[in-house]
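Trainee: Could we go through this model together? I would like to start with the strands and then move on to other features.

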Amino acid sequence: MFRQLRGALLAGSAIACLGGAALAQSQTHTYDIPAQPAAEALNRFATQSGLRILFPYEAVAGKRTRPVAGTLSEQAALDQLLADTGLVIVSRQGDVITLGAGRFQGEAEAPVAVGLDEVVVTASRLNRADVPTPLTVLDKEALREGARANFIASLMDRPQFKASWSPQITGGSFAAGSFSVDLRGLGNARSLVLVDGRRLAGGYSNGAAGIDLSVIPGVMVDRVDVVTGSASAAWGSNAVAGVVNVIIDNQLEGIRIGGRYGISSRDDVEEKQFEAVGGWRFADGKGHLIVGGEYVDNDGGRPKTSRKNVGRWAVVPNPAFTATNGQQPLIFAPDVGFANASLGGLILTGVNAGRTFNPDGTLRAFDLGRVSGVTSIGGEGPSNDDFSYFSAPYTRYSVMGRVTYDLNDDLKLTADLLHSRVHDDFGFLLDPNRGDIRISIDNAFLPAAIRAQMVAAGETAFTMGRANRDYAFIENDYSRKTTQGTLALEGKVGETWRWNAYYSHGQFNERNDLGNLRIRANFTDAVDSVVSPTTGQPICRVALTDPTTTCVPINLFGEGAPSDAARAYVLGTGQLRLQADLDTGGFTVRGEPFETWAGPVSVALGAEARREELRQRVGALDLANAFAFSNFAPIAGKNSTREGFGEVLVPLVRDVPGLEMLQFNGAARITDDRLGSIWSWKLGFTNKVTEGVQVRFTRSRDIRSPNLVELFSGQVLNLTQISDPQTGTAYQVRAMTGGNPNLRPETSKTTTAGVTLSPPQIPRLTVSADYFDIEIDNAISTIAAQTLITLCSQGVQSLCSQIVRGPDGLIATTSATLLNFTRLSTSGVDLSLNYSIPLSNGGRLSLRSTGTWASKYESNNGITTIDFLGSQGTIGSAGVPKVVVNSAITYDDERLRLSLRSRFISAGTSNVTLAIQNNRIPAYMYFDLGASYKFDVLEDREVEVFANVNNLFDKDPPISSAFSPYYDIVGRYMVVGARARF
């Protein structure tokens, strides 16, 4: 059925976006709402109108509403309800209305928007605003704060997020230019991403799970809702850590355009961005068309060595370590390079060991500095960091169209079409020979003087290492496209029942050409050259026995020595072509079937289905495992999922001291796919203890089904050195890695408990605290061959089946596929404070502070529990800081806005899994400064100019921060721009 609907959907979306559609006009309902406290009156209004109402608690604390009765339009009823309360409508998005505090006493200006990061309990499939799962709402102002590259980068500043995928992280990765989210540091595969409550295609960039949110034009975004736990029963698989739901602006009318320019204080990471969006009504207001898009061109930044504490750092043995002096065996060292390779070729054995080739083929002594294994410290050994990007370059455009149309008073049609492309072609990494080139004495290109030295020393060959910058500098040429179309219907039955249905098809395509990869066999033949006995010219030795060979000999003696013909023969291009398809649809009905003495009972029932298919094709050379550096692997798989869910909210007690409004909220979902059926559920309570005090609690079972890459990625063979505890010897084994079709779903138990205080005695103050505890069983993880062998020897019998020994008793093969063998657990408290002060000039001074205090982050593999709390220096290690706090103090009036922002990260360690002497990272505090000013060009045209400085004091990151998810490695960054509204 999905395949049959696909063509009609895309065609219908395109036609609808060209023709336009409408936002529902205000509907008429019968109301019976007595005078009562504002929070309760608004919930009753939501019940009787079928709308969802969002409001900050400090805005309604201590307020009562007028009675509303009779048949009225939604607008008239709400105006009557809010009269004398000081509350105003800040925005309306479909059936979601956001309220905020109105004008200050004596202020003659427009209403002030809702504060940032308000915790409002609305994470539900019901049309009620008072469920217990905490929801952080980030509006446009919050997402623009700091003039970040996009709204996803703004999310990464929030304490609940770990910046696992960003240009700063992906400078040396196949996922360059991606922006995906990672709640609680549990991995982006455990954070569900939605757009208006619907899933988005993608998330499979070269096997890396995680939706790239940058495909959504930021200019189209109204707000982002972040659910921080207990979300699977409401939203489905993947919502183990939470949900990020991007809400599109449905109300926009007129035209808005903007542009910005950013550059670091070191004149790199230059970025140019342009955006435009327009909204028009048609068909006498029944239809509404919105079209928007953005273009971003970011030059990235390189090399890593241009940033202090970023490039050429590595973990090496600590020379000062002894078993008794209390020091650690490892240490972070600066200026680390290859000790077994140079740019022109470093001789490692024989009479000329320690000498390197000059560009003209002569030799000179090579400064190795202090040698530690295969690394040199303080010498001239080259490093990838001398050439690679610390922040990936990318060019991206994204466009989106939305059209709505009121078919009648009770039925609305919506159609969306989204398209995005991100691409670039940049120098990626070296493809070095780290001491594995064998040069024979009769090599055709070997200088005669060196040959004579070898003859005199009785040598027949030597070993050489070479960085290969001159001919094998790998180029990453990539392109990723996302296209998705959606059709949706919304309707109502009677006064209190609403329903909606949708179907969406999305397709994600990735092209990745990895150029300048050495072909292992060709390189080996080309290096082994001799002088032709017939022509006296260099030929490959293989040509002596195979005159039909196309082998071209390569000269490696000196940087720039390889010829173009040899380069063409020994190099190839890795090729990946990936397509991921998502077909998803659902139906939901919600309403209030009856009331108890404590209030109306709300229910929601629904069904959802999706079909996912992934096909990854690779080049012939990749398929043959021909490249020395890396080989793409094919993937093919699909999965169909069917789900049914229900949710209920039941008022239990009201108007009792200490139990002013006690309500129960429960939800359950059954998920069925190729792995079988599994339940997720949620139980929770909310209670208004007294005026200005709200408490909440949830307990849930959440799930994550393995994605298609985890299930179906092909097996890749690698040779790796291991130490065998059974025989006490070390040797090479065949290590297989890849997906596992026998994976089971992950399950987690989540507990949350929270309180929100809005004391009537302190107007405009809101303080909230939410405790969370997440325990994930059967977590899907990969395991290194050595770890697999060690754990088996320590008694983890479930892993021993992954080891195959030969007749001689030695390990022949390990199968380090993805397995359900880890238990992850994390807990902590999210804190939020919002306070504003009205000023005599009509402006306001606001303070916002949000923080997360993590008390636990542990991983248990069945034998060992590792405490990752405070392990925060590199993306290569799990873990989160103990404390992260994001604060801002802002002044704003009708035209001017000034803000000073701070980001605090508590002290921790770079990598808790390694015994490193200088592992500790001190506490960090960053400051950002921003300003904007609005002025009128004409009567109906407004222009806003803005400027921002991030990392105001140019604070250097901790040592060895090349892939840091928390610390700024770019340095001071300036942004200027302008927006105009017509």
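Mentor: Let us begin with β50 and strand β51 (residues 896-905), which pair in the antiparallel sense over 9 bridges. Please keep in mind that this is a predicted model.

Trainee: How many residues does the hairpin between β50 and β51 pass through?

Mentor: The hairpin joins β50 to β51 through 3 residues.

Trainee: And which residue is the bridge partner of Thr890 in β51?

Mentor: The partner of Thr890 there is Ser899.

Trainee: What about β48, in which sense does it pair with β50?

Mentor: β48 and β50 pair in the antiparallel sense, over 10 bridges. As an example of facing residues, Trp853 stands opposite Val883 in β50.

Trainee: Is β50 largely enclosed or largely open, and why?

Mentor: Strand β50 (residues 883-892) has 7 of its 10 residues buried, so the rest of the structure largely encloses it. On strands as such, the side chains of a regular strand alternate between the two faces of the sheet.

Trainee: Where does Leu845 sit, and is Leu845 buried or partly exposed?

Mentor: Leu845 belongs to strand β48 (residues 844-860). Its relative accessibility is 31%, so Leu845 counts as partly exposed.

Trainee: New topic: how many disulfides does a search of the whole structure find?

Mentor: The search finds 2 disulfides. In one of them, Cys540 and Cys551 are bonded, with their sulfur atoms 2.0 Å apart. Cys792 and Cys800 also form a disulfide, with 2.1 Å between their sulfur atoms.

Trainee: What is the pairing when the bonded cysteines are numbered in sequence order?

Mentor: In the protein chain, that pairing is 1-2, 3-4.

Trainee: Which handedness does the disulfide of Cys540 and Cys551 have?

Mentor: The torsion about the S-S bond of Cys540 and Cys551 is about -75 degrees, so this disulfide is left-handed. Cys540 lies in strand β34 (residues 538-540), while Cys551 is in the loop between β34 and α10 (564-570), so the pair ties together parts that are 11 residues apart in sequence.

Trainee: Are those two cysteines buried or exposed?

Mentor: Cys540 counts as buried at 1% relative accessibility. Cys551 also counts as buried, with 12% relative accessibility.

Trainee: And the handedness of the disulfide of Cys792 and Cys800, what is it?

Mentor: The disulfide of Cys792 and Cys800 is right-handed, because the torsion about its S-S bond is about 110 degrees. Cys792 has a relative accessible area of 18% and is buried; the cut-off for buried is under 20%.

Trainee: Now the helices. Which residues of α4 are buried?

Mentor: In helix α4 (residues 74-82), the buried residues include Glu74, Ala77, Leu78, Leu81 and Leu82. Viewed down the axis of α4, its buried residues fall within an arc of 120 degrees, so they line one face of the helix.

Trainee: One last item: where is Leu143 found, and is Leu143 buried or exposed?

Mentor: Leu143 is in helix α5 (residues 140-144). Leu143 is buried, its relative accessible area being 9%.

Trainee: How far apart are Leu143 and Val221 in sequence and in space?

Mentor: Leu143 and Val221 are 78 residues apart in sequence, and their C-alpha to C-alpha separation in space is 9.3 Å.

Notes. Residues are numbered from 1 along each chain as its sequence is written. This is a predicted model: local features need pLDDT of at least 70, side-chain atom pairs count only at pLDDT 80 or more; totals for chains, interfaces and linings use all residues. Side-chain values use heavy atoms; hydrogens and water are left out. A disulfide is a pair of cysteine sulfur atoms within 2.5 Å. Helices (H or I, at least four residues) and strands (E, at least two) are DSSP runs, numbered from the N terminus. Buried means under 20% relative accessible area, exposed over 50%, partly exposed in between (1.4 Å probe, protein chains only). Two strands pair if DSSP finds at least two bridges between them. The arc is that of the directions from the helix axis to the C-beta atoms.
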